[in-house]
Every structure is written in structure tokens, then in C-alpha cells.
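Hello,

Here is the structure for you to look through. My notes follow below it.

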Amino acid sequence: MLSEIEEVFEKCTQLRVLELSVNHIVEIKNLSKCTQLQELRMSNNRIGRIRMGLSGLSNLKVLDLSMNKIKVMEGLSSLISLEKLVLYGNEITEI
């Protein structure tokens, strides 16, 4: 499962696209070293909250967090290059 390979992301400094949809992920973490990441797709997981998991991803242009369990949106202020944010199918009550 994904939890067994989380440390791999620390070595992916040149990664540009990451598809992690449908993986039963509950938390975004260990992506801060992926500084060149431009597209992150994490739809259909079990993410309930976005905390500091996206910090350091200043080159991120596309973020798909649709069909998760997100209730509160936070932790997006460092995404200065973000052009597309997909959040449908969540339980957002606060932005």
C-alpha cells in the first residue's frame, strides 16, 4: 500500500506530475521535497483535512482533491502558481 512507499517521495525532487487517486489516502504528507511538482491528482481518497501537506509546492498548477472527505479548506496559501483547483464531492463547510 501507499504508506509503504511514502519515503520515496522525498527523493522525487524533479517529479512534475503525481497521480495518487483511489489509494485510501487519509493525509497529504511527505511531498515537500517535490518542489517541481506541477500537477497533483488525489481524487477518490479519504482525505479529511489539508494541513501543511502542500507546503513547499510553489510550482503546483493543478490540484485535484475531488471525492474526498474534506470539510475545512486550509493550507493553500503557499500554492502561488495554482491555476486549477478541483474540490467537488467533498463536505466543505469552511474556506
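Start with Val 17, which lies in strand β1 (residues 17–19). Strands here are DSSP runs of type E with at least two residues, numbered from the N terminus. This is a predicted model: local features need pLDDT of at least 70, side-chain atom pairs count only at pLDDT 80 or more, and totals for chains, interfaces and linings use all residues. Residues are numbered from 1 along each chain as its sequence is written, and side-chain values use heavy atoms, with hydrogens and water left out.

Beyond its neighbours within four places in sequence, Val 17 contacts Leu 37 and Glu 39. Contact means heavy atoms within 4.5 Å.

Now the sheet. It is open, has four strands in the order β1-β2-β3-β4, and pairs in parallel. Its edge strands are β1 and β4 (84–86), each pairing on one side only. Two strands pair if DSSP finds at least two bridges between them. Strand β1 is joined to β2 (residues 39–41) by three bridges, and the two run parallel. Leu 18 sits opposite Leu 40 in β2.

Next, Asn 90. This residue is in the segment after β4. Asn 90 counts as buried because its relative accessibility is 17%; buried means under 20% relative accessible area, with a 1.4 Å probe and protein chains only. Its side chain reaches the backbone oxygen of Leu 87 at 2.7 Å. The Asn 90 side chain also reaches the backbone nitrogen of Asn 68, at 3.3 Å. Leaving out residues up to four places away in sequence, Asn 90 touches residues including Leu 65, Met 67 and Ile 70.

Best wishes

Conventions. Buried < 20%, exposed > 50% of the residue type's maximum accessible area, 1.4 Å probe, protein only. Polar contact = N/O pair within 3.5 Å; in protein donor to acceptor, adjacent residues only side chain to side chain.
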